[in-house]
Amino acid sequence: MPNSDKLQIIEAISIEAASSESKDRKFTMLAYTGGPMQVGYYDPVVIDLNGMEANTPMPALHNHYKDVDNVVGVISKVTVSDGKINVEGKLSSGSEKAKQLTALSDSGVPLQASVGAQIIERYHLEAEETEIVNGQTITGPVMVVSKSRLREVSVVVLGADHLTNTIVANFYDKESSTMPNPNKDTEVKNKDLEAKGQTAKTETPADTKDSVQASAENTNKQGTVEASALNPQADIQKYREQLAAESERIATVKELCAGAHPDIEAKAIREGWGHDKTKLAVLEAKQTQPPGMFVPSAPRLDRKVLEAAICLSNSQTNDSVMVKRYGENTLEMAYSLRNLGVQELFIEAARLDGIALPSPRRGHDAFIRAAFSSLSLPNILSGAANAVLMDSFASVDSSWRRVCKTRPVNNFMEHSRYRLTDTMQFQLIPPSGEFKHGKLGEETYSNQADTYGIMFSLNRQTIINDDMGAFSEIPAAFGRGAAESINMIVWALILANAGAFFSTTHQNYASGASSYLSITALTSAEQMFLDQTKPNGHPLGISPQTMLVPTALKVLAEQLYGSLKLNLATPTDGDSEEKPDGNPHAGKYAPVCSPYLSNSSVHANASTKGWYLFADPNVVPAFEIAFLNGVERPTIESAQADFNTLGVQFRGYLDFGAAQQDYRGAVFFAGQ
């Protein structure tokens, strides 16, 4: 449950009769059973009760409404034990909502409890991962709420969980405010048994499926139930057994009705029907019911829901990114609209602004013009296009970030960066205490941002074809194009080797057979890098960090990085000296592979054999990418199309520039 900070869990509630001293009705609730709950759009949620805070008194609300008129009582006790939450409290006699709930309870209407908890900390168990929470073995994928705070408990009529229910513990005589007991002989008999040290027994109907039905019918006739549910001092275990039996009965009723017979389901729950009676009623209804169509209720639409629906129509949409961007509730509503057509989108967007569009069958041009008179439509299209664009932009190879420094600039002018070169080595202080002045030299490196962009349109043909998938593919290709423009410029810069950036003069270049990637060549490249000096001749003192290779050398580079031993040739005849087989470079230089290095369309110097060692680009950058105002992603904007075009047009652009910096930050071996 990635972005929500509140949970609402539906469980059972039991309301007791008012005592003779008070008009308030007591209630007890089984608030949470400790297991996984499907409360959102994606993975189930488990609340770790070891990390839950609960302070009493706390309010009991009606349907989670937080205003004063919807306060129905007060929670006086919260008990966390055996991996469960139990709550006790009183309904307020001065609350109109509480009176309404009391009347519903007395008439046999099942009530449920919904618990609101604030999330403080959470973590995610991936698929097949297991963990013991609340004494139960939990298997991922699941979101575990490790710290939470119980804020309120609400009384509701129906919950999302079909396994929950309500057991009304007892009823009372409204005139006398005392519990009637017409069977006095039974009461005397029970007292006699207690005096003899025995326990009164209550028989259970033979048919377990209809046992709760028998109890409910007896309640309606006598105005009471068995002593164990009536008396607050009765055996709590008996009450729990009744609660469990009623839960199983209602679950059976809901399963048999399967949402297709709400009238039968309500009557079966209210009148205490068992399995057989409910099944018979459902079978009879199926025989007399005419064929029909189930039409789900329409979700509450807004701009974000429609925008998310457009994104879902793109097959490349990343689910986790969508959850972070829109939230679970919005995605849940948008999911049913994922096959939305362009024309239907126009109609819904206009409806948000109170505009009724003419039918497209009467003329597409009039329909399109009216649609774009809506204020919501351009915003929805622009937001969806931007979301799809960013997903596709992030999916393209960005290995250049591992070897290039990124830098923000605030305009399009050429910017210079100065790097101090002379040493500030500390000098011995003489007895006089006089400090010597250090001298600083500097080297200058420049960079400049330019603008790269392109346009596309949602034109008349796409609208008439009613193909949302075709529209969502345009910004997806747009995002990939933006990422490709960075790659082409950066890798062309590295391959071009302008100004003999990699050269023997700079002592950062080698060629020939000995430069092919191997243990020996890597050792030479390492030494070449470590031998680099500052302009004043002092050692640079920086070690390489990353090995950059084309795709043809990817596996070899990974072996040199990850293998502890290497298979070396055996000693020649007459040479008895043992040869070492350990890898001296294991774990040193993390390999980065780019397909652009060997692609001749990027630059004529592309090679399948050339490879590089780079320093940390934040310490000694060999290459730098400048982004205007630090914005490292494309910007997309929308506007009405030109007068002679029906539709809306989009433009996307990215401001950046790439430049060489310090040649001491990299070494290049040609491999040939």
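Reply: Let's start where Tyr509 stands opposite Phe668 in β23. Helices (H or I, at least four residues) and strands (E, at least two) are DSSP runs, numbered from the N terminus. This is a predicted model, in which local features need pLDDT of at least 70 and side-chain atom pairs count only at pLDDT 80 or more, while totals for chains, interfaces and linings use all residues. Residues are numbered from 1 along each chain as its sequence is written, and side-chain values use heavy atoms, with hydrogens and water left out.

Me: What makes β16 and β23 a pair?

Reply: Two strands pair if DSSP finds at least two bridges between them. β16 and β23 (residues 666–669) have 2 bridges in the parallel sense, so they meet that definition.

Me: Why are β16 and β18 said to stand at the edges?

Reply: The open sheet has 5 strands in the order β16-β23-β19-β17-β18, with mixed pairing. β16 and β18 (590–593) each have a single partner strand, so one side of each is left without a neighbour in the sheet. Helix α17 (residues 554–562) packs on this sheet, touching β17 (546–549) and β18, and its direction makes about 170° with that of β18. Touching here is contact, that is, heavy atoms within 4.5 Å.

Me: How do you know that β12 pairs with β20?

Reply: By the bridge count again: β12 and β20 (residues 623–628) pair in the parallel sense over 5 bridges. Strand β12 (residues 405–409) has a covered face of Lys405, Arg407 and Val409, and an uncovered one of Thr406 and Pro408.

Me: Why is Gly51 called buried?

Reply: Buried means under 20% relative accessible area, exposed over 50%, and partly exposed in between (1.4 Å probe, protein chains only). Gly51 has 18% relative accessibility, so it counts as buried. Gly51 is found in the loop between β3 (45–47) and β4. Leaving aside neighbours within four places in sequence, Gly51 is in contact with Ser146, Lys147 and Ser148.

Me: And what makes Asn497 and Ala500 partly exposed?

Reply: Asn497 has a relative accessible area of 24%, so it is partly exposed. Ala500, at 38%, is therefore partly exposed too. Both lie in the loop between α15 and β16.

Me: Where are the cis peptide bonds that join Thr56 to Pro57 and Gly140 to Pro141?

Reply: Pro57 lies in the loop between β4 (52–54) and β5 (58–62), and omega of its bond with Thr56 is about 0°. Pro141 is in the loop between β10 (136–139) and β11 (142–156), and omega of its bond with Gly140 is about 5°.

Me: How do you know that α9 meets α10?

Reply: Met322, Val323 and Tyr326 in α9 meet Glu328, Thr330 and Leu331 in α10. These residues divide into 4 nonpolar, 1 polar and 1 charged (Ala, Val, Leu, Ile, Met, Phe, Trp, Tyr, Cys and Pro count as nonpolar, Asp, Glu, Lys and Arg as charged, and the others, Gly among them, as polar).

Key
Axes are lines fitted to C-alpha atoms, for helices over the stretch in contact, and angles run from 0 to 180 degrees between N-to-C directions.
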